[in-house]
Amino acid sequence: RPNSETTAGEKAAVDEGEIPGRPHVVAAVRAFVDAYMEPLVDVGAVQAPSARTIARKATAKVMAKHERAKDAAPILARESDAIKKLVKAYVRRGQKEGGRGGNEPPAREAKAKGGRGGFRWDDDVW
C-alpha cells in the first residue's frame with residue numbers, strides 16, 4: 001500500500017515479522033520480555049512507546065542467537081537472567097541519553113518524591 005500510513009498494530013506486526021526464528025518461539029520470548037517490562041511501564045519508569053521498542057530490540061537480539069530453536073522453554077529456562085539484564089541495559093541506556101527514549105517519569109511523580117527528581121533504578125524498582 002504505497003502512500004498510506006500504517007497503524008501501530010500494523011507496524012508491530014511488520015517488526016515482529018523481521019525477527020528470525022519460529023513464530024511461536026518469537027511470541028513466547030516477546031511475551032516474557034513484555035511481562036518483565038509491564039511493571040516498569042506501570043510505575044512510569046518507561047513509557048509505553050519506549051517499552052515496545054525495547055521489547056522488540058531485546059526479542060530480536062535473543063532470537064538472533066536462538067533462531068533455530070524449536071521451543072522457547074529451554075531458552076527461557078537458561079537465559080531468563082540474561083534477558084532481564086539485557087532489558088535493564090536498554091532501559092538504562094535510554095535514561096543516559098537524556099530521556100531521548102522517553103524513559104523519564106512524569107513530572108508529578110518526580111515532585112511526589114520530595115523533589116528528588118528523576119528515576120533511580122535501584123531505589124524505585126528493585
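**View 1. Six helices and no strands make up this chain.** Read along the sequence, the pattern is α-α-α-α-α-α. Helices (DSSP runs of H or I, at least four residues) and strands (runs of E, at least two) are numbered from the N terminus. This is a predicted model, in which local features need pLDDT of at least 70 and side-chain atom pairs count only at pLDDT 80 or more, while totals for chains, interfaces and linings use all residues. Residues are numbered from 1 along each chain as its sequence is written, and side-chain values use heavy atoms, with hydrogens and water left out. Of the 126 residues here, 33% count as buried. Buried means under 20% relative accessible area, exposed means over 50%, and partly exposed is in between (1.4 Å probe, protein chains only).

View 2. The score to look at is pLDDT, the predictor's confidence in each residue, from 0 to 100. It averages 77 over the chain, and 63% of the residues reach at least 70. Contact means heavy atoms within 4.5 Å.

**View 3. Helix α2 has a kink at Y36.** The kink is about 30 degrees and comes shortly before the proline P39. A bend like this is the angle between two axes, one fitted to the seven residues ending at a residue and one to the seven starting there. End to end, the C-alpha atoms of α2 are 28 Å apart, which agrees with the 28 Å its 20 residues should span at 1.5 Å a residue. (The expected span is 1.5 Å times one less than the number of residues.) The buried residues of α2 are V25, V26, V29, R30, V33, Y36, M37 and L40. Why does R30 count as buried? Its relative accessibility is 14%, so it falls under the 20% cut-off. R30 also sits 5.6 Å from T59, C-alpha to C-alpha, although the two are 29 residues apart in sequence. Just after α2, look for G44, which takes a positive phi of about 85 degrees.

**View 4. Helix α3 packs its buried residues against α2 and α4.** Those buried residues are S50, A51, I54, A55, A58, T59, V62 and M63. The 18 residues of α3 reach 26 Å from first C-alpha to last, close to the 26 Å expected.

**View 5. The largest nonpolar core has 25 residues.** A nonpolar core is a set of buried Ala, Val, Leu, Ile, Met, Phe, Trp, Tyr and Cys residues joined through side-chain atoms within 4.5 Å. V33, M37, V46, I54, V87 and V91 have the most contacts inside this core. The elements giving two or more residues to it are α2, α3 (48–65) and α4. Zoom in on M37 and, leaving aside neighbours within four places in sequence, you'll find it in contact with V46, A51, I54, V87 and V91. V87 is in helix α4 and is buried, with a relative accessible area of 0%. V87 touches V33, Y36, M37, I54 and A58, not counting residues up to four places away. In soluble globular proteins, nonpolar side chains tend to be buried together.

**View 6. Helix α4 bends by about 70 degrees at E79.** E79 is in α4 (residues 73–96) and is buried, at 15% relative accessible area. Which side chain does E79 join through a polar contact? That of H66, at 3.4 Å. A polar contact is a pair of N or O atoms within 3.5 Å; within protein, one must be able to donate a hydrogen and the other to accept it, and residues adjacent in sequence count only if both atoms are side-chain atoms. Beyond four places in sequence, E79 is in contact with K65 and H66. S80, also in α4, counts as buried at 19% relative accessibility.
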